[in-house]
Amino acid sequence: MNQKNWKFETRTIQEGYAPDNGEPRVLPLWQSTTFKYDTAQSVADLFDLKAPGHMYSRISNPTVEAFEKKIASLEGGVAAVATSSGQAANALAILNICPTGGHFVSSATLYGGTFTMFSSKLQQMGIEVTFVSPSAPAAEIAAAIRPNTRCIFTETLANPALEVLDIEKFAQIAHSHELPLIVDNTFPTPYLCNPFDFGADIVTHSTTKYLDGHACCVGGIVVEKGDFYWDADKFPNFNEPDATYHGVVYMRDFPETPYSTKLRVQWIRDLGVAMTPFNAYLTNLGSETLHVRMDRHCSNALKLAEFLQSHPKVSWVNYPMLPGGQYYDLAQKYLRGGSGVLCFGVKGGKKEGEIVMNNLHLAAIVVHVADVRTCVLHPASMTHRQMDEAAQRAAGVSPDLIRVSVGLENIDDIIADFDGALSKI
Ligand SMILES: *Cc1c(COP(=O)(O)O)cnc(C)c1O
């Protein structure tokens with residue numbers, strides 16, 4: 001295991017689970033809440049975090065652990081913690097380091113659910129956020145940092161604006177203020193981008209999307225790179241004894257994985273937002289073909305983007321790999337492919353866009369992205385409808401924007417579907 005020299009494709013299939021002689025070849029589903037031990041002392045040691053092992057599936061489980069190890073390897077991190085959803089992953093990624101009274105800086109181009117969590121729920125919990133435009137000059141972004149700022153949060157490929165993040169710019173701003181950079185890497189997946197290579201410290205995913213890839217399971221994961229120094233002034237909870245674990249000090253007792261250990265044993269334990277073994281089993285199964293699926297998602301999306309760009313009834317198309325696009329240069333630097341999501345607007349606007357959406361047959365209207373089936377969504381009236389128009393525009397959502405998640409069907413059929421719907425205008 002942990003064959004560091006294995007290439008990505010090999011690790012998607014082989015990492016995380018290595019059977020011993022005579023054991024099941026495929027990662028088993030350990031559908032058990034609890035685990036048996038021979039002595040009271042063994043369990044006491046688990047409660048004090050003195051020995052590794054599973055005691056209760058809210059905190060850890062062998063099936064979930066195998067999936068966590070695989071994703072940690074694919075991202076190049078030291079450890080990962082799976083969660084019940086992508087929302088839980090992003091919430092815990094921040095709560096683990098930002099206490100009540102704290103503040104963080106976030107990119108304004110975010111997934112709608114993340115934006116709502118930051119601007120409402122975390123605010124109500126006494127954690128303040130300042131939104132910045134990811135394309136703003138570094139000095140302007142740095143000016144949002146305060147003495148009580150504890151992290152910077154971003155998305156690699158913003159959903160649905162498809163703005164490509166200048167990860168190195170953000171990492172430099174964060175590190176010059178001794179802050180960690182958190183990157184939600186859901187859309188590219190580790191196959192198309194490894195934010196750790198460009199200075200990110202924590203990576204999160206909604207595994208609901210391409211990592212599962214089949215629209216079966218809601219889930220999330222938080223990955224720790226492992227070289228951020230959690231200093232005692234800014235991050236006392238990493239350096240002071242944790243009374244709920246008989247005085248464990250995360251920086252002292254878990255020097256290689258302080259962030260992920262703390263996230264699991266405090267936040268997952270206390271809030272109970274663990275990934276279930278069954279979801280880990282299915283998501284892991286989906287993830288085994290990640291590299292093959294992503295190649296086809298990328299090539300199908302590029303072909304559909306090119307078709308739409310040349311269509312007389314389409315006013316604009318945004319796909320990171322279209323030459324001449326606003327984020328093309330950043331995409332060349334940071335992404336090994338454009339992923340399967342594109343956005344476009346129809347001439348006329350919202351009403352004409354609705355006609356197109358209502359006349360698609362293969363592409364279904366669903367609140368989802370990033371699975372094998374092509375689907376469409378109108379963010380302004382669906383995922384981003386909690387926001388007013390100004391906030392929608394700041395998040396990169398214009399009223400006419402149609403988001404397409406290009407699936408793995410034959411590209412000729414996908415193009416024919418859009419061609420037919422556009423002809424109905
Ligand atoms: C879907 C999504 C989330 C939220 O994940 P859930 O699994 O739906 O809770 C967070 N970030 C991004 C970029 C997403 O696309």
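The paragraphs below go through a pair of helices, a pair of strands and a sheet in a predicted model. Residues are numbered from 1 along each chain as its sequence is written, and side-chain values use heavy atoms, with hydrogens and water left out. Because the model is predicted, local features need pLDDT of at least 70 and side-chain atom pairs count only at pLDDT 80 or more, while totals for chains, interfaces and linings use all residues.

Helices (H or I, at least four residues) and strands (E, at least two) are DSSP runs, numbered from the N terminus. Two packed helices are described by the angle between their axes and the distance between the axes. Helix H4 (residues 86-95) packs with helix H5 (residues 112-124) at an angle of about 45°, and their axes are 10 Å apart. H4 is therefore oblique to H5; angles under 35 degrees count as roughly parallel, over 145 as roughly antiparallel, 65 to 115 as roughly perpendicular and the rest as oblique. Axes here are lines fitted to C-alpha atoms, for helices over the stretch in contact, and angles run from 0 to 180 degrees between N-to-C directions.

Contact means heavy atoms within 4.5 Å. On the H4 side, Gln87, Asn90, Ala91, Ile94 and Leu95 meet Gly113, Thr114, Met117, Phe118 and Leu122 of H5. Sorted by class, this contact has 6 nonpolar, 4 polar and no charged residues. Ala, Val, Leu, Ile, Met, Phe, Trp, Tyr, Cys and Pro count as nonpolar, Asp, Glu, Lys and Arg as charged, and the others, Gly among them, as polar.

Next come two strands. Strand S4 (residues 149-155) and S5 pair in the parallel sense over 4 bridges; two strands pair if DSSP finds at least two bridges between them. Ile152 has Leu181 in S5 as its bridge partner. Strand S5 (residues 181-184) is covered on both faces, with Leu181 and Val183 buried on one side and Ile182 and Asp184 buried on the other. Buried means under 20% relative accessible area, exposed over 50%, partly exposed in between (1.4 Å probe, protein chains only). Thr154 lies in S4 and is buried, at a relative accessible area of 0%. Residues that Thr154 touches include Ser107, Phe170 and Asp184.

Finally, 5 strands form an open sheet with mixed pairing, in the order S8-S9-S12-S11-S10. Strand S8 (314-318) and strand S10 (364-365) are at the edges with a single partner strand each, so one side of each has no neighbour in the sheet. Helix H14 (residues 350-358) packs on this sheet and touches strand S9 (341-346), S10, S11 and S12.

Definitions and conventions: Lists of a residue's contacts leave out its neighbours within four places in sequence.
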